Amino acid sequence: MRALCWVTAGELAVREVPDPELRNERDVIVRVHRSSTCGGDLPLLAGRDPLLRAGDVLGAEFLGEVVEVGPAVRRHRVGDRVVVGASVACGGCWYCRQGLHSCCDNSSADPASTDPGWGRLDAGCFGRPRAAGGFAGGHAEYVRVPYADVGAFQVPDAVDDDRALFAADAAPTGWLAAELGAVRRGDVVAIWGAGAVGQLTARAAVLRGAARVLVVDRHEERLRMAERHSGAEPLDYRRTDIAAELRDRSGGRGPDVCVVAVGTPPARSAADRFGRTAERPDALREAVHACRKSGVVVVLGGVDGFVDAFPLGAVTDRRLTLRGARGPDLRDVPMLLDRMARDQLRTEHLATHRLPLEHGPQGYALFRDRADGCVRAVFTP
Ligand SMILES: [Zn+2]
């Protein structure tokens, strides 16, 4: 089959790779209809993960049709249209039983290489290297989906592929951010980053009853999109005193919940990922300083290793709660699909560029450079 593979730092290519096969009785094989780029791919694209190998298939977010079913699979039949959660979770470990699928203990395979940097790592993820389980991703004609009863979800007829695709990762990650922030009716919520996850965090906050949702970015078209589709108030940090504006729009206190959804801050080298420093955590510092006393700061995304100059004093002196997440839990996916079916949650506008898989390398270049207003590039095999 054809698949979009990592080759070397800065280089992707569509290659012929072996078809996936059922390897476990709980697997299904999915024929991919759509797959999307994801911010978590960018450090991989740049070659900042030393565990990547030439030929690794990228793609955390995908949707398709079940074509083969393992003998222990109960919820899926050949022909089902399914969206597959980006987090790979076993469904049976202590974390999975609490609904904390993104913390699954069994799906991420290489503690020897990751524990020195992070402590015990969270769940595996599709389209990530060995440290995250080594599961081949969705930028391919076919994907093996392990633990399919846990991670694959039938898509309602009322939801088309373009919308349902984002129930794999961006929508449940945004929902998780609002949940970790304990967003309540009447809250003021500020979000740094108007990419797909930032926009869907904004939408989740609105759906949970936030009184005001403010989105901070510098890309005009992303800010307009957040305003139009999520009901958020746009703030362009090139033109606005963000700290003053956030205070003014929150009764002088600062937002109740601050979410940092800017993706991975740049690190200096591959070695940094496994023990040193990620530079310029500007958005994180700004969020910590802006948040009201006793508020919640939520940090999303794969933050490499360590971050310098973190204002820890502000966390203690102002009684902040700091929470983080790298990938979505799976328990919210059916609820999000239902909201999509009822038109409460629209996501198809995020796919600003639709391309055949053969044009995957060009799609990633647009996505990486935010060129031509690209929010997400979506591929069709
Ligand atoms: Zn588990």
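Reader: In which loop does Ser294 lie?
Author: Helices (H or I, at least four residues) and strands (E, at least two) are DSSP runs, numbered from the N terminus. By this numbering, Ser294 lies in the loop between helix H11 (282-290) and strand E15 (296-300).

Reader: What kind of model is this?
Author: Residues are numbered from 1 along each chain as its sequence is written, and side-chain values use heavy atoms, with hydrogens and water left out. Local features need pLDDT of at least 70, side-chain atom pairs count only at pLDDT 80 or more, totals for chains, interfaces and linings use all residues, and the model itself is predicted.

Reader: What is the phi of Ser294?
Author: Most residues other than glycine have a negative phi. Ser294 is not a glycine, yet its phi is positive, at about 65°.

Reader: Is Ser294 buried, partly exposed or exposed?
Author: Buried means under 20% relative accessible area, exposed means over 50%, and partly exposed lies in between (1.4 Å probe, protein chains only). Because its relative accessible area is 29%, Ser294 is partly exposed.

Reader: Is Lys293 buried or exposed?
Author: Lys293 also has its place in the loop between H11 and E15. Its C-alpha atom is separated by 43 Å from that of Val82, 211 residues apart along the chain. Because its relative accessibility is 62%, Lys293 counts as exposed.

Reader: What is the phi of Arg370?
Author: Arg370 is found in the loop between helix H14 (360-369) and strand E19 (376-380). With 32% relative accessibility, Arg370 counts as partly exposed. Although Arg370 is not a glycine, its phi is positive, at about 50°.

Reader: Which residues are the protein donors of the zinc ion?
Author: Donors are N, O and S atoms within 2.8 Å of the metal (3.2 Å for Na, K and Ca); water is not among the atoms, so sites may look incomplete. Along the chain, the donors of the zinc ion follow the spacing C-x2-C-x2-C-x7-C. At 2.3 to 2.4 Å from the ion, each through its SG atom, lie Cys90, Cys93, Cys96 and Cys104.

Reader: What arrangement do the 4 donor atoms make around the zinc ion?
Author: Four donors count as tetrahedral if all angles lie between 85 and 135 degrees; four count as square planar and six as octahedral if opposite donors are over 155 degrees apart and all others between 65 and 115; anything else is irregular. The ideal angle for four tetrahedral donors is 109.5 degrees. Because the 4 donor atoms around the zinc ion subtend angles of 104 to 116°, their arrangement is tetrahedral.

Reader: What is the relative accessible area of Cys104?
Author: Cys96, another of the zinc donors, counts as buried at 5% relative accessibility. Cys104 is buried as well, with a relative accessible area of 1%.

Reader: With which residues is Thr37 in contact, leaving aside its neighbours within four places in sequence?
Author: Thr37 is found in the loop between strand E3 (28-36) and helix H1 (42-45). It is buried, with a relative accessible area of 0%. Contact means heavy atoms within 4.5 Å. Beyond its sequence neighbours, Thr37 is in contact with Glu61, His139, Tyr364, Phe367, Arg376, Ala377 and Phe379.

Reader: How many of the residues of helix H6 are buried?
Author: Helix H6 spans residues 170-180 and is mostly covered. Among its buried residues are Trp175, Leu176 and Leu180.
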